Amino acid sequence: MSTAAACSDSAPPHPLAAPSTTAGTRGAVGGTPTTDSTVEAEMAIRAATRRYDQAYRDAIANPGNPAKTQPLLVMYTANSPERDRIENLLQTFTRNGWAGRPGGAGHQSIENVKIMNAPPDGLAETTTCTYDDGIVFDAANKAPGGHEIIVNDATQSYRTTWTWVTDAGTWKISDATTVKTWMGADQCAPH
């Protein structure tokens, strides 16, 4: 949604569903890797990724509506620094009367999924590459003549690493770090 240039110096990570690769996981007994638990964990993370993407889009489109923002915020662990950052971003949008919408070409690919532990003590790391062509606009005001005021329409690509943990049986994000950003270009693998 190009929210980074509007609000901070780092790109807002938000994963979308895409193919991935998987490393081994320890099984429930003796630390032996098990294919079933690895596949199940990867499928669950993919499903969480799809839910996250929709929740992110819904929250950015209507950042002042708790019915739209809470489904996004509960996808993070309670003490996650990334959750705090996203909550601050939503508050900034609300305070300024901004909203966001996706562009037509944005996409994301999951470059890597590494399952360290399957549930119940699930721990995984994903690496994503996102091309963000979204638009941040002033939802409260119009320009003279009634035209929409664009706050930010810069395009960018960014690579993000995500740490996922299971919390009460649900995969949640405990941390996210943008490790590389490219302004103005799609540097991610085709979707």
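**Entry 1: the model.** I am working with a predicted model.

**Entry 2: α2 and α3.** I looked up how helix α2 (residues 35-61) and helix α3 (residues 66-73) pack. Their angle is about 145°. Their axes lie 8 Å apart. The crossing of α2 past α3 is left-handed. Next I listed the residues in contact. From α2 I noted Tyr52, Ala55, Tyr56, Asp58 and Ala59. From α3 I noted Lys68, Thr69, Pro71 and Leu72. By type, six residues of this contact are nonpolar, one is polar and two are charged.

**Entry 3: the core.** I then turned to the largest nonpolar core, which has 27 residues. Which residues have the most contacts inside it? I found Tyr52, Tyr56, Leu72, Ile86, Leu90, Trp164 and Trp171. Helices α2, α3 and α4 (81-96) each supply at least two residues of this core. So do strands β2 (107-117), β6 (156-167) and β7 (170-183). The most comes from α2, with eight residues.

**Entry 4: a sheet.** I traced an open sheet of three strands, in the order β1-β4-β5. The pairing is antiparallel. From one strand to the next, the twist averages 40°.

**Entry 5: β1, β4 and α4.** I checked the pairing of β1 with β4 (residues 135-142) and found four bridges. Ala99 stands opposite Phe137 in β4. Helix α4 lies across β1 and β4. It runs at about 120° to β1.

Methods. Residues are numbered from 1 along each chain as its sequence is written. This is a predicted model: local features need pLDDT of at least 70, side-chain atom pairs count only at pLDDT 80 or more; totals for chains, interfaces and linings use all residues. Side-chain values use heavy atoms; hydrogens and water are left out. Axes are lines fitted to C-alpha atoms, for helices over the stretch in contact, and angles run from 0 to 180 degrees between N-to-C directions. A crossing is left-handed if the near helix is turned anticlockwise from the far one by less than a right angle, and right-handed if clockwise. Contact means heavy atoms within 4.5 Å. Ala, Val, Leu, Ile, Met, Phe, Trp, Tyr, Cys and Pro count as nonpolar, Asp, Glu, Lys and Arg as charged, and the others, Gly among them, as polar. A nonpolar core is a set of buried Ala, Val, Leu, Ile, Met, Phe, Trp, Tyr and Cys residues joined through side-chain atoms within 4.5 Å. Buried means under 20% relative accessible area, exposed over 50%, partly exposed in between (1.4 Å probe, protein chains only). Two strands pair if DSSP finds at least two bridges between them.
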